[in-house]
Protein chains: 2
Amino acid sequence: MPTIPETIAGILKSSPDALIVCHLGPDGDCLGGGLALALACEAVGVRATVGSADGVPEAYAVLPGASRIITAPPADTRFSVGVAVECSTLDRAGNFADALQRSRTLINIDHHLSNAGYGNIVYWDTSAAAVGEQVHEILGAMGVPLTAAIAQCLLTAIVTDTGSFRFPNTTPKTLRLAADLMDLGASVHAVVERVYETRTPGSLRLTGAALRELTLSADGRIAWTVVTPEMLQKTGALTEDTTGLVGMLRQIRGVKVALLFELTPAGVRVGIRSRDAVRSNVIAETFGGGGHKGAAGFTAQGELDDVIARTLAEAEKELRAHA
Amino acid sequence: MPTIPETIAGILKSSPDALIVCHLGPDGDCLGGGLALALACEAVGVRATVGSADGVPEAYAVLPGASRIITAPPADTRFSVGVAVECSTLDRAGNFADALQRSRTLINIDHHLSNAGYGNIVYWDTSAAAVGEQVHEILGAMGVPLTAAIAQCLLTAIVTDTGSFRFPNTTPKTLRLAADLMDLGASVHAVVERVYETRTPGSLRLTGAALRELTLSADGRIAWTVVTPEMLQKTGALTEDTTGLVGMLRQIRGVKVALLFELTPAGVRVGIRSRDAVRSNVIAETFGGGGHKGAAGFTAQGELDDVIARTLAEAEKELRAHA
């Protein structure tokens, strides 16, 4: 009996075309994995279309094939194969969800715990550090030679989804695959330079202003800070420049929950990061949000101070239950 | 003819004792590499003493054997073999320099460009991502089985000296060695948790205060900031809490040189990080300091403003030559 990667390889190779779709708010893993799969499809004569409803963040614009990524599905096209890349539900494909649903065969590739299991073929592997690792298995089954371009796409997927091998999802297999991809001409450093080293002065100044005012609660087990529109204006930062800030708060020794409160026109956006047994998603779900165990979020209406107080109370409740 | 690692292995195995010394301000590479070498010596019956004049930073206190590290050499002991680990000059061994010098055979293991070439046996390999890689070669030549403890020491060396595989010194060989060490029971995540995720609130507040005040010079190609004793006091941070700060400044898009000026009792300590062709060590050497191409430093006497002005001038000179 063929393995799932072999089954997917067989379906792709016998199809005239494929629609490969990244999730909303695309990251290096779905973009790198999706583009690598598209390049492999084309190597065996399959017309590949890559979609990303939210486009391509600047850090990934240099990925081979990134310029061909479309942000809306072509009208009236029914694809032979639809591939959802790292979309836990079909909704996560955004405006491509219908096109995927209408494809003759829908393939669902994911490594997240929360995948809903939709589609005709589900390739779900929570032991994979990145979808890029799963795509690599498919490419092997397709018998496609790994070019330097494919290698760079796969390495980008792996480096970004492992925090450059820092996260506990990194396995010896991950490191060996990364080494093989480097041998093919891919560069970890090139990914790092694009992803981690293209900050603006404003984003660093905002990070500084927010860190300087950090507060500890619950005997040092909660660290939190606030970002206001005035801080964005004063530092010349953009809303997206808060990325990574809440993760820095979690770096504090003894901190189990880190919280970032951002005052936005849509309400108070709350980012949560947690450690050990503490579940970020449980805190977020109380307020109608969601996420992973280690990282979650929600947006709440109401006064900033009130949202802070209610969130701290929920975080302390979760701490009592699980720390 | 035996290779250098084989020569070193032969010397160690035929010696009754060895003194293994880390450099001043020890990092994960010299501590991990030094301790791995000590464990291997003991496995073949060589009495090993590990010295670190500046002791062991808390992040590395969990390394196997770390509690046995001494901070001053035993009086009147002449060691059969002295091993300087990652000491570009013998001075970098601090108060162990004399004991190393007096040992019958002095072995110098380093991967820094600037090594002075002292000692009876010089194992100098600038292609090694970490001294840990060189120690691994020696251990292989010694025929010592790699235990989980040795593996954790070597992995700590590699992870810390590559910024968890982010720096361009990371090679496919580095990644494969890391994978092998994981197979032996070592954990990248354990290193990361200790090294990158045990910050104090004071260190983050200091980082914040310094980032908030960052300045750009030379059309955005130089980013710099200042840390004063008042800032340390106000944020509750320690001198060592500035680690990583200058690297954050280099993350700014377009920045080729990042500079951190710290006002200390010993003078103005200047940390330099650079990108692309710009050489940090050349800037540092103008002021009597040293380091790598990408990372260097020096301490200067004089008024802060004057040191800043002179350093910016030298950095601009290097930018004109190499950017």
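1. The model is predicted, and local features were considered only at pLDDT of at least 70. Totals for chains and interfaces use all residues.

2. Chain A contains 12 helices and 11 strands. Its C-alpha trace spans about 60 × 35 × 35 Å along the principal axes. A compact globule of 323 residues would have a radius of gyration near 20 Å, so the 21 Å of chain A agrees with that expectation.

3. Burial in chain A comes to 52% of its 323 residues. Among contacts in chain A with a separation of 6 or more, 64% join residues 24 or more positions apart.

4. The contact between the chains draws 35 residues from chain A and 36 residues from chain B. On the chain B side, H6, H7 (188-195), H8 (201-212) and H10 (245-250) each supply at least two residues. H8(B) gives the largest share, nine residues. By class, the side of chain B that touches chain A has 19 nonpolar, eight polar and nine charged residues.

5. Within chain B, H5 (residues 148-161) packs on H6 (residues 172-183) at an angle of about 150 degrees, with the axes 9 Å apart. Angles over 145 degrees count as roughly antiparallel, and H5(B) and H6(B) are therefore roughly antiparallel to each other. Their crossing is left-handed.

6. H5(B) contributes B:Ala151, B:Leu154, B:Leu155 and B:Ile158 to this packing, and H6(B) contributes B:Thr174, B:Leu177, B:Ala178 and B:Leu181. Seven of the residues in the contact of H5(B) with H6(B) are nonpolar, one is polar and none is charged.

Conventions:
Residues numbered from 1 in each chain as written. Chains lettered and ligands numbered in written order. Predicted model: local features only at pLDDT ≥ 70, side-chain atom pairs only at ≥ 80, totals over all residues. Axes fitted to C-alpha atoms, helices over the stretch in contact; angles between N-to-C directions. Helix = DSSP H or I, 4+ residues; strand = E, 2+ residues; numbered from the N terminus. Parallel < 35°, antiparallel > 145°, perpendicular 65-115°, else oblique. Left-handed = near helix turned anticlockwise from the far one by under 90°. Contact = placed C-beta atoms within 7 Å. Nonpolar A, V, L, I, M, F, W, Y, C, P; charged D, E, K, R; others polar. Rg over C-alpha atoms; globule rule 2.2 N^0.38 Å. Buried ≥ 20, exposed ≤ 12 C-beta atoms within 10 Å, placed from the backbone.
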